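Student: I would like to learn how to read a protein model, one feature at a time. Could we work through it together?

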Amino acid sequence: MEILSIRREHVDLQRRTIFIPKAKAGAREQPITKHLADFLASYIAALPPGSPWLFLSPGAKSGHAMDIRKPFRRVVEAAGLDPDQVVRHTLRHTAITHLVQAGVDLPTVKRISGHKTLAMVERYAHQNGAHIEGAMDRLQSRLKLA
């Protein structure tokens, strides 16, 4: 719902952020990648003039889309994946795991993910064997051990 109720004025392409006024953990700014900012620039330019919503739905009372479950399910199925196992929240887990495995520190991941506590970030950050092995190799190199 947070995503579907984004308005044009919530998107700051220069700063690469989206303001989310009604997030579960309270209003916040969501950082976005350069790729997404570039995509949104052309997407917003193609929207009908005067429309405040990013995800319009002329038939909806609110004027914007209210539910993404069916389209998401279709995309997951088209990708050859099981829509009962790959849900919208899977994307969040995956993004946080990739940030951690890329070496992004947990306080920064917390800021990007919008979590209130590091404990919540830890629930999402799934480290695999290669990630842990790489961390130990970095430790060894800092200690100057053979």
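Student: Which residues lie nearest the centre of the largest pocket?

Tutor: This is a predicted model, in which local features need pLDDT of at least 70, side-chain atom pairs count only at pLDDT 80 or more, and totals for chains, interfaces and linings use all residues. A pocket, on a 1 Å grid over the protein atoms alone, is an open set of points where a 1.4 Å probe fits, with protein on both sides within 12 Å along at least five of seven lines, and lining residues have an atom within 4 Å of a point. Here 35 residues line the largest pocket, and E2, I3, R28, Q30 and R92 lie nearest its centre.

Student: Which helix gives the largest share of that lining?

Tutor: Helices are DSSP runs of H or I with at least four residues, and strands are runs of E with at least two, numbered from the N terminus. The largest share, seven residues, comes from α3.

Student: In what order do the three strands of the open sheet stand?

Tutor: Two strands pair if DSSP finds at least two bridges between them. The order is β1-β2-β3, with antiparallel pairing. Because β1 and β3 (28-31) each have a single partner strand, they stand at the edges, and one side of each lacks a neighbour in the sheet. V11 has I18 in β2 as its bridge partner.

Student: What is the phi of R16?

Tutor: Most residues other than glycine have a negative phi. R16, however, has a positive value near 55°, and this residue is found in the loop between β1 (11-12) and β2 (17-20).

Conventions: Residues numbered from 1 in each chain as written. Heavy atoms only, no water.
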